[in-house]
Amino acid sequence: MVPEELPEWLKVYTKKISSMGIFDEKEANHVLVNEYLPGQGIMPHEDGPLFYPTVSTISLGSHTVLDFYSPLQDSTKEDGDLVSSSSSYESRYMCSVLLQPRSLILVRDDMYKVNLHGIAERKEDLVTDKIVNLDKCDDVSVGQTLTRSTRVSLTIRVMPKILKAKLLLGRKR
Ligand SMILES: O=C(O)CCC(=O)C(=O)O
């Protein structure tokens, strides 16, 4: 990873979130900006070992629903049978979190390091009791259907190992 200066408007958020102490004494140095149109999502995945194992995400524009799954490589006991790593995501589904516009979510420890997270490719979301943060959400109740619009997410995190010096790519003689 080659370090680049973050734009000033983003530093407002990286500094504010870092000052909460969620990355130990480190300051966030990496921001991923994703845009999702209605119907777009992201496959269940882990973010990998390159990052400090607490990740913060600000949601802008639309709400979305972030789903968590137990890991692909893990074998899980279900009704006495071993479910192999080839079982579908459905059988590994754990729970969901409703990400409302202007919200901040922190994902850490095993939820970050062990489990997978993803966003289903849907244009609307049915609110169910699998959404574990409903008591923290304003004006939402089970049975409601929420229609997605365009969402931009800022995933703010710490990448501990970055190149100390900038690479001189394409340098003119
Ligand atoms: O947009 C989000 O909230 C999640 C993004 C994400 O999981 C990723 O880019 O790895």
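**Sheet pairing and positive phi values**

Asp-109 counts as partly exposed, because its relative accessibility is 39% (buried means under 20% relative accessible area, exposed over 50%, partly exposed in between, with a 1.4 Å probe and protein chains only). The model is predicted: local features need pLDDT of at least 70, side-chain atom pairs count only at pLDDT 80 or more, and totals for chains, interfaces and linings use all residues. Residues are numbered from 1 along each chain as its sequence is written, and side-chain values use heavy atoms, with hydrogens and water left out.

Asp-109 is not a glycine, yet its phi is positive, at about 55°. Asp-109 is found in helix α3, residues 109-113 (helices are DSSP runs of H or I with at least four residues, strands are runs of E with at least two, and numbering starts from the N terminus). Most residues other than glycine have a negative phi. Arg-102, also not a glycine, has a positive phi near 70°. Arg-102 lies in the loop between β7 and β8 (104-108). Arg-102 counts as exposed because its relative accessibility is 76%.

Four strands form an open sheet in the order β2-β9-β4-β7, with antiparallel pairing (two strands pair if DSSP finds at least two bridges between them). The edge strands, β2 (42-45) and β7 (93-99), each pair on one side only. Neighbouring strands of this sheet are turned by 20° against each other on average, direction ignored (axes are lines fitted to C-alpha atoms, for helices over the stretch in contact; angles run from 0 to 180 degrees between N-to-C directions).

Within the sheet, β4 (residues 64-69) pairs with β9 (residues 116-119) in the antiparallel sense, over three bridges. Tyr-69 stands opposite Leu-116 in β9.
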